[in-house]
Amino acid sequence: MHVNVTQLRVAATCPRLHWFDARATAERQDGRTVVSRIWRKGGEAPGCGALFHTAVERFNAAAASSDEVLAALEAAGDAPGLQQALMRWFNASCLNLDALAARPVPLRLGFISAVQLYMEELARLAAHARAAGLPAAELRAQLFGDSRKRVDVTFHVGEDVHVHVTGAIDYVYFDPRLGKHRIVDYKLTPATSPNSDLFQVFTYALMHHHQHGTRPDVAVFYLHPTRSVREARWEEIEAKRGKVYELIASMVAWSDHAAGAGGLPPPGDRAYCGGCKHERSGACVAQLGHKDVGAWDRRWTALEATRGGGAPEGSERAAASAPAADEPAADEPMVEDDPELDEALAVVKPAVERPKPAPAPARGRGRKAPAEAPPGGTSARPPEAPPGSTSARPPEAPPGSASVKPPEAPPGGQRSTPAALDAGARPPEARTANVTGMLLGFDDGGAPVCVDPAVLRTHVSVVGAAGSGKTWMAKVIAEEALRAGVPVVAIDPQGDLVQMMEARPPSDVPPELHRAWEELRERMEPRILTPGSSHGLRLCLDPLRLPSAGELSHITNPALRAEEEEGLLVAVAANLVSLCACGGEEESQRTFLYQVLRHLPRAAPVRLRDIVAAVTAPEDLGIDDVDSLIRKSERERLARKLNTFVQGPSARLFSGGTRLDFTELLRPSKPGRVPLNVVYLNALSNDDEKHFFLAALATELYRWMITTVDATSGGVNLLFYIDEARDWIPAGGSKPPAKQPLIRLFTQGRKYGVGCLLCTQSPRSVDYNVFGNTSTKLIGRLEAAQDVERVIDWFTIEGGAPPWVAARKGAPKGSFVARWPDMPAELAGRAFKGRTLFTCHAGAWSPDRVERAVTDAGLRGTGG
């Protein structure tokens, strides 16, 4: 289950809102997540939350490297003077004042008032730090340099039940007055339910601590229509962490109930009924009964009681208010979306040319650095965490990757690329000499853009119009994965990726990249796999890989073990039916083949001819009343078609060559080598065979994952790269054979360390479920306005539409803007160009060209 903090906030407001959202999400055709937006207007004063958050996000990102802001901090004499200096720079650098002037007067006044309050608090904090002797450069890093605003943690809430929670923090910084980190959530709504609002920032704080070991205090800062602050110390947050776990566990149970899969019915909260559309329509009571009917998952409370500590505070509450709340919440009329969001981007300026960065500041005097945590990872499990509930990141949690981390993080936890701090003063060789992680490219100032290899585990998508350089960038990512020791399986439908078997001439590689080029050449072990042909290493799908009882024995839950086995058999049956394309009642054919596969003995490998024999005489397997499953005429037609893949001209997919085996594909021929397996589909004669083979390969990869990979090992075990994804995972109702097996890899792969990388020309063309499961996105040039809108929609859901998106339309070739979990602030919205490829990149290779290259390179041996 994957939710964001906004969804947690909605569920805490009223569990029935979450139930209706979960059901609406399941019913949508486009795969988008439905989230009820809850907001409050302050009397007659208009809200301006979207505009404020977008503008302040832009301000904080730009201030981290602004010479003007540094100068203002240097010259700071008193808080009012500094406030005015920051306001002047904010107006000039972050706002389109003409566009703001066109907005309604009440909204302008509300926005200006909120910004002034924000700057007042910031200036007061900064003036205090400067008066205490903190250097301006260090203060700037503490106030604006902390890039860890994205939170990304997976919670265990039961055996084999994991909830992946993501979110974006408004503001995190190191407060020199207190000597500790603080997280601030800004609200432009009345402070009518502060405890409910605190619950959301409590969750942010727990997640931030588990990723970075910060133990932050928190504050909810109400800026509009009146100013007020509600604060909480870390000790209070930690003491109430069980309520967060209970909410997350309950959300799983409520979602299951909404899907008709058991679970728990949700209770209601009358405090929100007045503004609820489900109440007005009568659906709430009609479908879920009286408001008091329903339950929470209280396993944490029960465990605490068994330890003698009694029930945690507030555990007896049956109503569905926020778990951190101790008072009734006020009415919050809800709407489907924030009506300001689309207009905010017109007022806030996009990112501009970055000023030359200042040198890294020294560490703060007398400050104790937070405990070191893995990049983007979580800290150790909290004391006495109950079984099945953990606030620590389990192995399958997606690490929030970042640029290369210096040996010592500067004040405020800034995790900048060392080269980015003084790029202007160093030659290219020096900028890349000590870079670790995956080197994607360089920004306009020549600073390396790097990302931790752990980001691959949470999937990557590269989007760009034809000719934008998206395949180039995706190949850079694949090369960097190989350099990091991650084996790659790449699906090549056209002949663009097989060229990776050939190294680019060293004379074409910039001197500063020679070391990395040599490293890839020494490590990469290329294999060109050609299903159904001998142009490369021929692959064969016979015998079929069906899961055995022994392979699934590590799954201790019998029900889950049976579900996994059933799912694999259903997938194999569906693949075979799609290949046969007999027409008629395909659902009956799939059901019948599933029963055949269930009854076939699996002590020995199952060959296709065994399936043909069983389809012809199912009674020999003990399948009774076959006519109730499938008509005799359809069964005979299915048997004849399957037999053509055993004895006819279409048998090439099931005969000759090497059996598809991921254990062998990922085994290097010698220590220190890393396999690159390129599956070249262009030698197959038609699209039906390509779709079938890819569906079979994705199904086999899933079987290998759940039967072979230790899900608790952590790390990245494989990068699965699929080019031209729209052909295989199209948006809308179209369901080619490979679509569901591939979507399953994107939804389940992160748990097993199988990262997925996809490329597509148009973000509208690929199923939304896939993009919803990719935590890292690289956006190249976009051509259609609809594509720009789709990208804005992605980032709006993930925490606010960034101002740089509109500039992607018509962007230069090879230019990309990226977003990944825990991205450094100086890279947010910053365009960069991909580095030089270390392998060949020319026109697509034909099957004959592939054959010649494989032969010349001596890659026909089974070892690669």
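Trainee: In this predicted model, over which ring does the charged end of Lys777 sit, and how far is that charged end from the ring's centre?

Mentor: A charge counts as sitting over a ring if NZ of Lys or CZ of Arg is within 6 Å of the ring centre and within 35 degrees of the ring normal. Here the charged end of Lys777 sits over the ring of Trp794, at 5.5 Å from its centre. A second case is Arg835, whose charged end is placed over the ring of Phe838, with 3.7 Å to the ring centre.

Trainee: How many aromatic pairs does a search of the whole structure find, and how are the rings of Tyr186 and Phe221 arranged?

Mentor: In general, a pair of aromatic rings is described by two quantities, the distance of the centres and the angle of the planes. The search of the whole structure gives 16 aromatic pairs. For Tyr186 and Phe221 the ring centres are 5.8 Å apart and the planes stand at 40°, so this pair is tilted; planes under 30 degrees apart would count as stacked, and over 60 as edge-to-face. Because Tyr186 belongs to strand S6 and Phe221 to strand S7, the pair ties together parts that are 35 residues apart in sequence.

Trainee: Are Tyr186 and Phe221 buried or exposed, and which aromatic cluster includes Tyr186 and Phe221?

Mentor: Buried means under 20% relative accessible area; Tyr186, at 7%, is therefore buried, and Phe221, with 4% relative accessibility, counts as buried too. Tyr186 and Phe221 form one aromatic cluster with Phe52, Phe59, Trp89, Phe90, Tyr118 and Phe144.

Trainee: How are the rings of Phe662 and Trp704 arranged, and where in the chain do Phe662 and Trp704 lie?

Mentor: The ring centres of Phe662 and Trp704 are 6.1 Å apart and the planes are at 35°, so this pair, too, is classed as tilted. Phe662 lies in helix H24 (residues 662-665) and Trp704 in helix H25 (residues 687-708), so that the pair, 42 residues apart, links distant parts of the chain. Both Phe662 and Trp704 are buried.

Trainee: Turning to the strands, what is the order of the open sheet that holds S6 and S7, and which are its edge strands?

Mentor: Strands of a sheet pair through backbone hydrogen bonds, either parallel or antiparallel. This open sheet has four strands in the order S5-S6-S7-S8, and its pairing is mixed. Strand S5 (171-175) and strand S8 (228-232) are the edge strands, each pairing on one side only, and the twist from one strand to the next averages 25°. Strand S6 (residues 180-187) and strand S7 (residues 217-222) run parallel and are joined by six bridges; within this region Lys187 stands opposite Tyr222 in S7. Helix H7 (residues 105-131) packs on the sheet and touches S5, S6 and S7, its direction making about 20° with that of S5.

How values were computed: Residues numbered from 1 in each chain as written. Predicted model: local features only at pLDDT ≥ 70, side-chain atom pairs only at ≥ 80, totals over all residues. Heavy atoms only, no water. Pairing = 2+ DSSP bridges. Helix = DSSP H or I, 4+ residues; strand = E, 2+ residues; numbered from the N terminus. Axes fitted to C-alpha atoms, helices over the stretch in contact; angles between N-to-C directions. Contact = heavy atoms within 4.5 Å. Phe/Tyr/Trp six-rings, centres within 6.5 Å; stacked < 30°, edge-to-face > 60°. Buried < 20%, exposed > 50% of the residue type's maximum accessible area, 1.4 Å probe, protein only.
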